[in-house]
Amino acid sequence: MSEYVLFKHLIDPEVRELAHYVKLGGYEGLKKALGMEPVEVVEEVKKSNLRGRGGAGFPCGLKWSFMPKDDRQKYFVCNADEGEPGTFKDRYIMSDNPHQLIEGMVIGGFAMGATIGYVYIRGEFQFVADQLQKAVDEAYEAGYLGKNILGSGFDFDLYLHMGAGAYICGEETGLIQSLEGHTGQPRLKPPFPAQVGVFGKPTTVNNVETIACVPDIIRKGANWFLTIGPERNNGTKIYAVSGHVNNPGVFELPMGTSLREIIFEHAGGILDGKKVKAIIPGGSSAPVLGPEHLDVAMDFDSLKEVGSMLGSGAIIVMHEDTCIVEVFARLAEFYAHESCGQCTPCREGTPWMAKIIRNIENGDGREGDIELLYDICEKIIGRTICPL
Amino acid sequence: MMNIKIDNKEHSVEEGQTILEVCRNLDIEIPHFCYHPGLSIAGNCRMCLVEVKGMPKLMTACSTMVQDKMEIFTDSDVVKEARKGVLEFILLDHPVDCPICDKSGECDLQNYNFDYGIDQRRSIFPKERHKVEKISEKIYKNDNRCVLCTRCIRFLDEVTKTHEFTTIERGSHTHITCVDPEGLDQNPFASNIADLCPVGALGLNEFRFKKRVWLTEHVRAVCPGCEAGCNLTVDLHTKQTPLDPNVGPVVRFTSADNYSMQRFFICDEGRYSYSGYNETERRLLHPELDGEETTNGKAKAFLKEALSSELTGAVVLSPLASVEENYAAILLAEQMGYDLYRPSPFRKDLPEPALFIEKIKAPNHRMMKLLEVPKVTDMESSDYGVVLVLNSIGSIRDNSLVKILSLLKRAKYSITFEVERSEFSENSKLALPAPMFLEEDGCFINSSKRIQRSTGGLGYPEGVRPLWEWLFGNRFTNSESLLTQFSNEKLGIELSYEKIGKEGVEL
Amino acid sequence: MSLRFTEQDMQNIEVICQRYPDKKAATLPTLHFAQKKFGYISEDAVKAVAAVLNLPVAHVLGVATFYTMYNKKPVGKYHIQVCTNISCALMGSREIFQHLRQKLGIASGETTEDKLFTLQEVECLGSCGTAPTIQINEKYFESMTVEKIDELVESLKKGEIDV
Ligand SMILES: Cc1cc2nc3c(=O)[nH]c(=O)nc-3n(C[C@H](O)[C@H](O)[C@H](O)COP(=O)(O)O)c2cc1C
Ligand code: SF4
Ligand code: SF4
Ligand code: SF4
Ligand code: FES
Ligand code: FES
């Protein structure tokens with residue numbers, strides 16, 4: 001069994017309580033960070049090769065280093081929108097090991113000079129937010145949040161902000177808009193959030209899982225992190241497996257574990273012993289893989305090589321009886337439903353595609369439909385504000 | 001300055017501009033819907049995509065700043081393809097009911113589709129239909145035609161800050177809605193959204209089904225409504241067809257962009273004032289002597305008699321008349337040694353929001369202020385033998401009006417230069433018919449001392465001649481020569497109509 | 001305006017506002033609060049929220065209609081939301097949804113006559129490992145089957161389950 005970096009509740013089920021978390025070395029990373037220079041903390045995260053777990057795999061330390069070093073108010077925002085179909089990982093960190101996220105937020109805030117943090121949680125996760133809020137209250141009481149944290153002179157306030165049902169708010173500028181109280185319509189970039197983010201101030205947005213990796217990186221050192229997983233893809237990853245498997249669920253494994261191992265060893269293999277037909281390896285936005293790709297290492301670079309992506313690390317498994325057209329139709333309808341509606345190509349194009357695919361699925365497909373779909377796709381991709 | 005290349009041609013351009021702005025200044029067309037010079041950048045329509053060398057994706061010209069050595073392609077195959085794509089998406093649900101659309105003829109979608117669009121519909125799905133709605137006394141909305149550029153919303157959020165509109169829902173269900181129809185009717189700028197709308201989704205009830213715009217002639221004018229001097233596009237009804245109801249001759253006022261003033265909108269009061277120029281019942285079209293129609297010859301003889309009478313004289317200028325007309329009157333005063341006066345302009349409280357609207361309800365008051373002409377109400381005696389009063393009724397205060405009337409009544413030779421029969425014309429011996437706004441070229445100096453030119457698209461009606469012709473015969477051949485002389489003598493600069501151009505010159 | 005916030009409500013909303021440097025940011029939380037209090041986000045509720053936050057009605061209406069969790073119509077006592085997105089669909093959520101439609105005799109977005117149930121098809125609930133997932137009011141019910149649904153609906157009718 002591998003090391004649990006994020007899922008410490010598998011070591012101690014009570015770790016959601018502060019005392020238990022501290023027993024496992026909790027808040028040691030924060031103490032250590034507060035004794036360092038902020039830039040040193042950023043450097044350490046850079047050195048660890050920690051890459052964003054929210055979808056794009058962007059190096060976390062590098063992102064932190066983009067934050068300006070002036071005396072403007074800065075914000076550190078945690079993306080807990082978890083809306084990508086197939087993804088259900090961040091919620092467990094928030095409900096079962098919440099202090100690790102809180103600790104990561106404070107360290108990040110300290111490193112970037114942000115004194116206010118928000119956790120943007122999808123609205124449906126009220127019960128998850130309740131757990132996290134409990135931990136936040138505990139952390140305030142123990143002096144890990146609030147004024148003059150651990151006597152360091154550093155202040156950090158953390159607030160939870162509930163979404164209200166819009167997948168697009170997972171996109172970082174949509175999230176910023178939503179946090180400011182607007183519709184979640186993504187913004188034009190530039191300006192980038194590090195310059196003009198939430199409330200017009202420099203902002204960094206990171207995924208829950210990304211942030212939760214930070215305390216251990218600081219506590220144990222970047223070099224320790226580099227020992228896990230393949231080069232440039234270090235650390236553990238939470239793989240969320242769903243669909244036609246016997247034992248669906250979330251598994252924290254070293255980055256680069258093969259798809260086969262995840263599906264067959266951890267997720268119990270395919271339902272009723274059937275054959276694999278297709279796998280979506282990184283949430284619904286990731287291109288579909290066939291059974292020939294079962295041996296691919298589940299990390300950013302390897303998946304890119306086979307033409308897909310790690311995305312959120314959500315693995316959706318489909319067995320031989322699955323109608324792939326039906327799956328595509330459902331996904332196309334999802335994207336049409338979740339288009340924020342501002343860009344012409346996405347607003348008009350996604351429902352058109354969904355209708356065409358649904359027609360094919362109903363047996364009413366027409367000659368040329370597939371070519372038409374490709375053509376529409378081409379006219380949407382890369383021509384919109386966000387990459388929905 | 002930076003050097004860039006657009007479509008393989010080198011240009012030297014100023015920093016801090018977007019690709020779209022640069023191209024606009026160079027007269028290179030970049031089709032766009034959501035961009036508007038008076039609003040924030042939304043970047044949502046995706047119509048303005050251009051190719052920038054070294055960029056993996058097409059860039060929106062409206063939001064991308066030019067950079068030194070940038071190479072831009074506005075007409076490559078990918079760009080054309082992208083425009084086609086956007087137009088196809090828009091037309092998926094667009095009714096293309098141009099024959100009954102008031103925007104037809106000046107619709108961006110219609111024009112772009114003609115220039116860049118597709119010829120064949122590839123979607124087999126029926127178009128969605130929504131009812132046309134009269135959303136307020138002023139405005140109607142046709143959701144079927146809306147391209148969701150959000151210009152209307154941004155105008156009401158950013159410019160008037162009155163927030164009557166919003167988008168509701170999302171995705172393909174997104175549409176605009178008005179939450180406050182009364183507010184919209186009270187908004188002194190609301191009707192601009194009909195100009196702003198790049199398609200026929202928002203229109204003025206007042207203009208609905210009234211006129212095909214391509215049958216009108218457009219001239220650029222300066223609004224006479226107040227001292228702000230907004231630029232107007234005036235639609236004149238010149239060509240009549242049997243299918244075309246007889247409206248006009250002035251069909252409507254819309255805003256004309258003035259980049260130098262950074263002004264792109266007009267107030268509703270100014271906009272709807274156009275209809276006043278179609279009322280002709282009270283129009284003075286012949287000289288009148290003692291209230292009786294007379295010949296030009298007799299009028300001239302009276303004028304001559306007055307000017308050679310060697311009596312004291314007074315000339316009352318007008319904040320409503322152009323620089324040229326007023327200057328003709330000034331020249332007369334100077335030549336004859338008459339006293340010059342100006343009436344006090346009419347003032348009105350400002351509406352909310354006022355933006356650029358001015359309290360002073362006359363377009364050329366600033367000229368008189370510049371020349372430091374004394375107020376007629378400050379006049380000590382009012383006994384003059386000869387009095388000439390320029391057309392100003394409707395733009396002056398009551399105390400000035402009373403004073404002018406008493407001047408006219410006491411003078412032996414009282415002369416007015418009037419557009420309509422008025423208290424002035426009725427109380428003077430000689431009333432000369434004056435051209436109205438839009439009948440004569442002329443300049444006006446607005447509250448920020450910008451001199452701007454207004455075009456007299458309608459021309460002089462029969463019998464109506466400019467003031468300088470009455471006063472000086474053939475000495476001036478056109479109004480421009482007066483302007484030039486005025487600028488030389490009074491401003492110490494040389495101006496011509498060309499120099500003033502479309503957008504005027506700040507003094 | 002017929003809907004009002006009480007003094008106590010206003011204080012709660014003021015506490016929400018404290019979290020942000022700009023009152024506008026309180027739009028979403030205040031709408032959640034209003035939905036809890038008034039049951040759904042009616043036009044009046046939109047106006048009440050706009051008034052208490054001193055924001056344009058247009059803004060609040062735009063936000064309220066953009067997000068799917070704000071109900072623009074009254075919902076039944078139990079708001080049954082069935083995820084029919086991919087992972088749930090693979091595990092049979094369509095059958096569950098169809099079953100519920102027949103059982104309750106209503107389509108997506110509709111409410112039963114007794115005002116007990118509102119049925120709604122929703123997107124991924126972030127609980128795909130325990131698919132099919134349904135959410136009733138704020139509570140998740142996971143690994144659903146047609147049989148379990150029948151039981152669940154019965155106990156809801158009897159008021160045995162607190163959601
Ligand atoms: C349409 C769309 C939806 C997204 N949804 C999420 C999400 O639910 N959660 C998330 O963490 N990131 C999501 N992202 C990625 C974020 O934009 C952003 O890259 C991420 O929060 C950055 O965090 P990271 O660097 O830690 O990965 C989404 C991106 C797009 C384009
Ligand atoms: S691509 Fe779609 S979701 Fe993204 S900003 Fe544009 S319309 Fe909104
Ligand atoms: S009504 Fe006109 S201006 Fe407003 S969003 Fe639609 S197309 Fe744009
Ligand atoms: S603000 Fe004044 S000048 Fe401008 S349109 Fe209105 S009345 Fe005319
Ligand atoms: S004009 Fe640039 S996106 Fe609309
Ligand atoms: S697909 Fe149903 S909860 Fe994710």
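Predicted model: local features only at pLDDT ≥ 70, side-chain atom pairs only at ≥ 80, totals over all residues.
Local features need pLDDT of at least 70, side-chain atom pairs count only at pLDDT 80 or more, and totals for chains, interfaces and linings use all residues. Residues are numbered from 1 along each chain as its sequence is written, chains are lettered from A and ligands numbered from 1 in the order in which they are written, and side-chain values use heavy atoms, with hydrogens and water left out.

Helix H15 of chain A covers residues 369–380; helices are DSSP runs (H or I) of at least four residues and strands (E) of at least two, numbered from the N terminus. Buried residues (under 20% relative accessible area, 1.4 Å probe, protein chains only; exposed is over 50%, partly exposed in between) include A:Leu372, A:Leu373 and A:Ile376. Seen down the axis of H15(A), the buried residues fall within an arc of 165°, taken from the directions from the helix axis to the C-beta atoms, so they line one face. The face turned away carries the exposed A:Glu371, A:Tyr374 and A:Glu378. The buried residues pack (heavy atoms within 4.5 Å) against H14 (344–361) of chain A together with H2 (77–91) of chain B.

Most residues other than glycine have a negative phi, and most peptide bonds are trans. A:Tyr27 has a positive phi of about 65° and counts as buried at 0% relative accessibility.

Conventions. Expected span 1.5 Å × (residues − 1).
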